[in-house]
Every structure is written in structure tokens, then in C-alpha cells.
Amino acid sequence: MELSVPPHSCVILRTNSHLLNPSPRVVLLPSIKHPLASINHQKSTIICSRAIKALDSRMDTVRDRIGSVKRVTNETNVVVELNLDGVGSPDSSTGIPFLDHMLDQLASHGLFDVHVKAAGDTHIDDHHTNEDVGLAIGTALLNALGDRKGINRFGDFTAPLDEALVHVTLDLSGRPHLSYDLQIPTERVGTYDTQLVEHFFQSMVNTSGMTLHIRQLAGKNSHHIIEATFKAFARALRQAIEYDPRRRGTVPSSKGVLSRS
């Protein structure tokens with residue numbers, strides 16, 4: 001249990017009884033015997049009441065940020081559940097081992113719960129499954145974000161992995177765009193076609209309505225370059241979807257709306 005004490009006689013208690021839906025409580029400390037004690041107690045009651053409302057509002061918003069998608073075609077069957085306010089729980093089985101490894105990075109470094117199950121025509125190649133997983137994750141992100149009220153919207157992170165260094169900047173603008181600049185030196189990592197990295201991000205960008213810039217600053221090892229990219233993307237996305245308390249729940253746009261189109 002975590003204990004934090006605001007400036008007045010008010011205590012916020014947070015319990016970890018449920019990982020996805022913690023239950024904060026706000027209580028008053030015992031009154032202090034002082035000539036102004038009754039006034040201070042009254043002020044503290046008002047402050048605590050406001051704190052309760054703010055916490056309840058925040059928790060209601062957090063509970064809603066889950067996107068679930070089922071995408072079925074003649075080529076693939078993909079099911080995705082994405083919890084933006086999760087604990088970094090990975091559970092991906094796409095039939096493409098290297099892609100599963102990269103989705104684990106997305107979960108771990110973004111602190112998202114990323115659950116993906118996919119079956120596809122990988123006996124031909126990984127192209128269709130890789131693409132449809134990207135499309136489904138993008139749609140799940142779109143659904144989880146909703147009207148995007150109160151979020152930071154922008155994210156920027158540079159991640160190293162040994163000799164590799166990759167910079168990712170993104171904007172949850174509602175406008176899909178990918179600028180991709182990776183120089184991956186080999187055609188494959190294991191059995192994974194490295195051309196599919198760009199195709200995965202393009203697919204996700206198209207359905208999520210995200211502007212995404214990926215730029216390699218250094219790197220020689222293909223695995224390191226790709227993994228650094230997913231780690232940087234995870235951290236940038238985590239920044240973008242987190243709430244900005246100064247926004248007070250408003251849409252982060254001068255237009256007053258962030259839409260997919």
C-alpha cells in the first residue's frame with residue numbers, strides 16, 4: 001500500500017488489490033487541537049472531496065482504455081486485446097516467432113498489456129499475418145484511445161541497444177503517415193523477412209491514425225536495430241497516451257477534436 005500526504009489533513013491511500021483497477025481512497029486525518037482546528041478541518045473536508053472526485057474521474061477513464069479487435073480474412077484470423085493502462089503483460093502467439101519477440105518489447109517497455117493470437121498462411125510466407133497483426137493492433141489502439149481527451153498526444157524517444165540507436169517521434173493526430181528510415185543490413189533475422197518491419201508499422205499507422213517517424217542514428221546488427229526500434233516506439237507511445245493533468249480532460253488540439261480522418 002502506498003501512502004501520500006497532500007498539504008492539508010488529507011491522506012490518499014492506494015491499494016494494489018487489483019493490478020488493472022487499483023482502488024484509491026481519500027480519508028481525513030484526526031483533527032488537530034488548535035484554535036483554528038475547526039476551520040482547518042472544514043477546508044480539509046473540501047479538499048478531500050475534490051480529491052475523491054478527481055481520483056474517481058481518473059480511474060473511470062483508465063478502466064475504459066482497452067481495445068479489442070477480431071479480424072478474419074481468407075488469409076488470416078487475428079484477435080487482439082490491448083490495454084493501454086496495463087502492467088506490461090505480453091501474451092503473443094502469431095506464428096511468427098520474431099514478431100512475437102518484438103510485441104513483447106512493445107508490452108514490456110510501453111507498460112501495455114498486449115495479447116495477440118493469430119493464425120495465417122505462413123506456409124506461403126509471413127507477409128499476410130505480419131500485415132494483419134499490424135492492422136489489428138492499430139485498430140485496437142484507435143478503439144482504446146477513444147476521443148483522446150486529456151492525453152499528451154505527442155511522444156518522442158531514442159533507444160539504444162548496444163551499437164544500435166533509433167529515434168522515434170509520433171503524434172496521435174488522427175492522420176496516418178509513416179516516415180521510415182532504417183538501414184537493416186540483412187534480408188532476414190532468423191526466418192523473419194526484415195522488409196516486414198516497415199510493412200508492420202505502415203499497417204498499424206493506417207488503422208490507428210498516427211503520424212510516425214522512425215530514424216536510425218546508428219547500428220550494424222539487424223536484430224539490434226529492429227529491437228531498438230520497437231523499444232523506442234513503445235516508450236514514445238507510452239508518453240503520448242499518458243494523461244496531462246494540466247489539460248483537465250480537454251482534447252489536445254486547437255481544433256477541439258482529433259479524428260481518424
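Predicted model: local features only at pLDDT ≥ 70, side-chain atom pairs only at ≥ 80, totals over all residues.
The chain contains five helices and 13 strands. It has 261 residues, and 44% of them count as buried. Taking the contacts between residues at least 6 apart in sequence, 71% join residues at least 24 apart.

H4 has 13 residues, and the distance from its first C-alpha to its last is 18 Å, close to the 18 Å expected at 1.5 Å a residue. Among the buried ones are Leu 196, Val 197, Phe 200, Phe 201 and Met 204. What do the buried residues of H4 pack against? Their partners are the helices H2, H3 and H5, together with strand S10 (177-181), strand S12 (192-193) and strand S13 (211-218). After H4 comes Gly 209, which has a positive phi, near 75°.

One of these partners, H3, can be followed in detail. Two packed helices are described by the angle between their axes and the distance between the axes. For H3 (residues 127-145) and H4 (residues 196-208), the angle is about 30° and the axes are 7 Å apart. Their crossing is right-handed. On the H3 side, the residues in contact include Asn 130, Val 133, Gly 134, Ile 137 and Leu 141. On the H4 side, they include Leu 196, His 199, Phe 200, Ser 203, Met 204 and Thr 207. Sorted by class, this contact has eight nonpolar, nine polar and one charged residues. The spacing along each helix follows a general rule. An α-helix has 3.6 residues a turn, so residues three or four places apart point the same way.

The last topic is the salt bridges, of which the structure holds seven. Arg 65 and Asp 85 form one of them, with 2.8 Å from N to O. Arg 65 sits in the loop between helix H1 (37-63) and strand S4 (66-72), while Asp 85 sits in the loop between strand S5 (76-83) and strand S6 (90-93), so the pair links distant parts of the chain, 20 residues apart. Are Arg 65 and Asp 85 buried or exposed? Both are buried.

Another salt bridge joins Lys 117 to Asp 91, with the closest N and O atoms 3.0 Å apart. Because Lys 117 belongs to strand S7 (residues 113-120) and Asp 91 to strand S6, this pair ties together parts 26 residues apart in sequence. Lys 117 is partly exposed, with a relative accessible area of 39%, and Asp 91 is partly exposed at 34%.

A further salt bridge is made by Lys 149 and Asp 147, with 3.9 Å from N to O. Lys 149 is partly exposed, its relative accessible area being 43%, and Asp 147 is partly exposed at 44%.

Technical notes
Residues numbered from 1 in each chain as written. Heavy atoms only, no water. Axes fitted to C-alpha atoms, helices over the stretch in contact; angles between N-to-C directions. Helix = DSSP H or I, 4+ residues; strand = E, 2+ residues; numbered from the N terminus. Left-handed = near helix turned anticlockwise from the far one by under 90°. Contact = heavy atoms within 4.5 Å. Nonpolar A, V, L, I, M, F, W, Y, C, P; charged D, E, K, R; others polar. Expected span 1.5 Å × (residues − 1). Buried < 20%, exposed > 50% of the residue type's maximum accessible area, 1.4 Å probe, protein only. Salt bridge = Lys/Arg side-chain N within 4 Å of Asp/Glu carboxyl O.
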